[in-house]
Amino acid sequence: MTSEIHRTRAAITVDAPAVEVYRTLTDVLNWPLLYPWIVHTEIVERRGIEDVSKFWAVRPGPEGGLRVWQSRRRLHDAERRMEFEQLGTVGAIRRLGGEWLFLPEGDGRCRVESHHWFTTDQDPTVTAQELDRHGALQMRTLKDAVEQRTEAQRLVLRVERSAEVPGKPQEVYGRLSAALGQPRPGEREAEFIDAPCDHPDGTAATGRSVRITRAPHTLVLKHLDPPGELALYRRGWRLDEVPDGVRVTSEQLAVARPEALMDGPAETAGTRRQALLKWLGARAAADLSQGVAHLAG
């Protein structure tokens, strides 16, 4: 059963040009915004048209759980085609790969197709059904993201604050993770935790979160129970080596709920969006000062 190859496919029509949809899907670093179940992505290797991307995701459904995997991708920009194969096994799936096609249909629309092949240790029908469900969800989410791009861009809120500190990245990372209550480098790379979360109204609550530690360059904390105004809330810390030490960047990434940005009759356009950006800026500065004060001390 393991060596036999099985196949599934999914397709959808998107009211947008093929090149735009292709770019959206292949922009893997933007997947935490494109797909809500993705917590973090990185490109760990790149060579010509080929790269290896790593993904951290929360499994959908009541059972939840974390899933971490890597995929080797080949991007054929001229043909608007992406080939991929996952590296390593995923549960009962021994091998998994396929391709995505983006086919113009005229009138500015395109047809998106995904073709998967796999081998498995379990009943292939079970795996095929899981891939069909997930493939359909990927397609619907991609279609909505592209067709509602203007509104989606308005809802995305991102703020960064940076400071430079002396030291080497590994050393600074260890001290920063300790200051922020993160596990020391070398411990679990990804896990669920209960973490406090400040709210724009000044209150705070502790909720389920995903913590990712990628020494010596990245810390990520995604709150799975975000404040009511936000559909997504993720905090991150990035470390980059500079001539005199390390630049520490605190990032706040959020997606506002549409109703949270509806200004009242006495407000000018964008007032509530600016208020949320100001709050995120304050949170980014607080996260940065907490870590940097410890590093300086």
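## A buried tyrosine and its partner

Y22 is buried, with a relative accessible area of 4%. Since this is a predicted model, please take the values here as computed from it. F102 is buried too, at a relative accessible area of 1%.

Searching the whole structure turns up 7 aromatic pairs.

## A tilted pair and a cluster

Y233 and W279 make a tilted aromatic pair, 5.7 Å centre to centre with 45° between the planes. Here, too, distant parts of the chain are linked, as Y233 belongs to strand 12 (residues 230-242) and W279 to helix 6 (residues 271-296), 46 residues apart. Y233 is buried at a relative accessible area of 2%, and W279 is buried at 13%.

There is also a cluster to look for: ring pairs join W31, Y35, W37, F55 and W69.

## The chain as a whole

Now for the wider view. The protein chain has 6 helices and 13 strands, and its C-alpha trace spans about 60 × 55 × 40 Å along the principal axes. Buried residues account for 46% of the 297.

Of the contacts with a separation of 6 or more, 57% are between residues 24 or more positions apart.

## Surface and charge

The protein chain exposes about 15,000 Å², and carbon and sulfur atoms supply 49% of that area. As for charge, the mean positions of the 41 positive and 43 negative charges lie 2 Å apart.

Methods: Residues numbered from 1 in each chain as written. Predicted model: local features only at pLDDT ≥ 70, side-chain atom pairs only at ≥ 80, totals over all residues. Heavy atoms only, no water. Helix = DSSP H or I, 4+ residues; strand = E, 2+ residues; numbered from the N terminus. Buried < 20%, exposed > 50% of the residue type's maximum accessible area, 1.4 Å probe, protein only. Contact = heavy atoms within 4.5 Å. Areas by Shrake-Rupley, 256 points an atom, 1.4 Å probe, with all protein chains shown as cover. Lys, Arg positive; Asp, Glu negative; His and termini not counted. Charge placed at Lys NZ, Arg CZ, Asp CG, Glu CD. Phe/Tyr/Trp six-rings, centres within 6.5 Å; stacked < 30°, edge-to-face > 60°.
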